[in-house]
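Dear colleague,

Please find below the structure that I am handing over to you. My notes on what was found in it follow directly after it.

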Amino acid sequence: MTQRPGTRPGNHERVVELLRTRGPLTRADIARLLDVSRATVSNVVGALYQDGLIVENGSPGPGGPPKQGRPGTLLTLNPAAGAVVGIDFGHTHIRVIVADLAHTVLAEQLRPLDRDHDARDALRIAATLARDALAAAGVKQSMVLGVGAGLPGPVNTLTGTVGSSSIAPSWVGLRPAEELGALLGLPVIVDNVGNLGALAEVTWGAGQGAQVAVYVKLGTGIGAGFVLGGRLFRGSCGTAAEFGHMTVDPAGRICRCGNRGCLETYVSLPALLDQLRARHGTELTAVDLIRHALAGDRACVRVLTDAGHRLGTAIAVLGNLVNPDRVIIGGELAAAYELLLPPLRSALLRDALPFAGAQVTVCKGQLGDRAVALGSVVTVLHATARLADRARAVAAAAR
Ligand SMILES: [Zn+2]
């Protein structure tokens with residue numbers, strides 16, 4: 001790497017890390033986020049540009065950058081310098097996304113999955129989809145920095161194993177990062193879908209600019225993720241933000257986790273559909289529920305209103321504990337956001353400390369059903385230290 005007078009290696013690495021984790025930024029953004037002078041940023045950016053590590057507006061310029069750069073010009077890492085694969089293992093689907101280091105999605109694959117699938121079959125399908133997506137994107141395996149993968153269950157970050165969850169039973173006790181890594185010949189980072197959805201929304205969606213963001217994923221299960229100061233908070237072994245298993249009624253129904261009266265037994269999609277059996281039978285789907293509710297069906301409106309109240313009370317507890325400035329509602333039930341928000345907000349303001357309740361903005365996620373796969377990309381982009389050896393190998397392959 002070219003070293004210029006007046007620039008320090010630490011600043012080069014900080015600028016590269018910032019562009020890798022945040023995506024396109026102006027020189028002014030970089031100066032503000034790193035708390036350094038514009039002159040320092042210009043020197044560092046000039047050196048990185050000459051080394052081919054960064055580009056302006058996504059395309060390498062001939063010769064060199066303008067002396068100071070236009071104030072609003074966006075800088076990114078060189079898209080040719082590597083790529084990342086993100087995988088979302090849903091209950092009934094696998095989604096794969098390939099993105100470059102400039103945060104551009106290059107290819108995407110989606111395949112349905114049986115709810116009672118075998119975990120190792122799912123890993124093999126994901127490996128095939130990842131290879132297909134890399135081929136479609138024109139990315140060689142030697143240029144892949146790493147693979148991120150999201151599972152709808154707790155992943156122990158100390159052992160790499162999947163804990164008990166609503167995912168198919170064959171996942172429990174498996175070490176998916178090791179198994180998928182062996183299939184693909186690439187480093188794999190596995191995390192919970194709530195954590196990854198949070199990372200994606202903070203990086204590319206409704207959580208941008210938040211200081212303390214809480215992402216709540218409402219679907220077959222209830223997940224969450226906390227991003228504090230731009231960094232995911234996983235707790236001591238990866239099970240932080242298991243929001244769905246917060247006890248809301250010690251005398252309530254038995255939950256799949258073995259506890260009684262968890263939030264998930266009241267507001268998950270299966271719980272809501274179960275409450276509507278007497279009126280709508282057993283064939284009702286999530287899409288039906290939301291469509292009926294929007295058309296004014298009393299039972300569907302009532303079930304979503306009650307769910308909104310439950311969620312608001314539970315989010316008020318989070319509000320008091322971690323004092324977020326943004327709560328992002330994602331997952332399949334976010335399609336009912338307009339119906340959930342009024343009761344949710346009312347209960348949140350009633351139950352949270354006034355400061356905490358007034359501080360928080362509740363909003364709908366912007367990334368929809370791509371959030372987890374995109375978050376799987378982001379988690380690799382954040383894993384600078386863990387993937388340092390691989391990053392050096394990819395950089396060598398790029399030359
Ligand atoms: Zn539970």
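Ala136 is exposed in this predicted model, with a relative accessible area of 58% (buried means under 20% relative accessible area, exposed over 50%, and partly exposed in between, with a 1.4 Å probe and protein chains only). Ala136 belongs to helix H4, residues 119-137 (helices, H or I of at least four residues, and strands, E of at least two, are DSSP runs numbered from the N terminus). Between the C-alpha atoms of Ala136 and Leu106 there are 8.1 Å, while the two residues are 30 apart along the chain.

Two conventions apply throughout. The model is predicted, and local features need pLDDT of at least 70, side-chain atom pairs count only at pLDDT 80 or more, and totals for chains, interfaces and linings use all residues. Residues are numbered from 1 along each chain as its sequence is written, and side-chain values use heavy atoms, with hydrogens and water left out.

The zinc site

The zinc ion is coordinated by ND1 of His245 and by the SG atoms of Cys255, Cys257 and Cys262, at 2.0 to 2.3 Å. Donors are N, O and S atoms within 2.8 Å of the metal (3.2 Å for Na, K and Ca); water is not among the atoms, so sites may look incomplete. The arrangement is tetrahedral because the 4 donor atoms subtend angles of 105 to 122° around the zinc ion (four donors count as tetrahedral if all angles lie between 85 and 135 degrees). Ideal angles for four tetrahedral donors are 109.5 degrees. Along the sequence, the donor residues follow the spacing H-x9-C-x1-C-x4-C. Cys255 counts as buried at 6% relative accessibility, whereas Cys257, at 35%, is partly exposed.

The second largest pocket

The second largest pocket holds about 880 Å³ of space. Its lining comprises 27 residues, and Val16, Arg20, Leu53, Ala391 and Ala395 are the closest to its centre. A pocket is an open set of points on a 1 Å grid over the protein atoms alone, where a 1.4 Å probe fits, with protein on both sides within 12 Å along at least five of seven lines; lining residues have an atom within 4 Å of a point. Grid points are joined across faces, edges and corners, and the volume is the space filled by probe spheres set on the points.

Helix H15 gives the largest share of this lining, 7 residues. Helix H1 (9-22) and helix H15 (388-398) each supply at least two residues. At least three lining residues come from each of domain 1 (9-77) and domain 2 (82-196 + 379-398), with bounds taken from an automatic or database domain assignment. Val394, also placed in helix H15, is buried, with a relative accessible area of 3%. The C-alpha atoms of Val394 and Ala83 are 9.1 Å apart, although 311 residues separate the two along the chain.

Loop residues

Asp35 has a positive phi of about 55° although it is not a glycine. Asp35 sits in the loop between helix H2 (27-34) and helix H3 (38-50) and is exposed, at 71% relative accessible area. Asn323, likewise not a glycine, has a positive phi near 50°. Asn323 lies in the loop between helix H11 (298-322) and strand E11 (326-330), and counts as partly exposed at 42%.

Yours sincerely

Key
Tetrahedral: all angles 85-135°; square planar, octahedral: opposite > 155°, others 65-115°.
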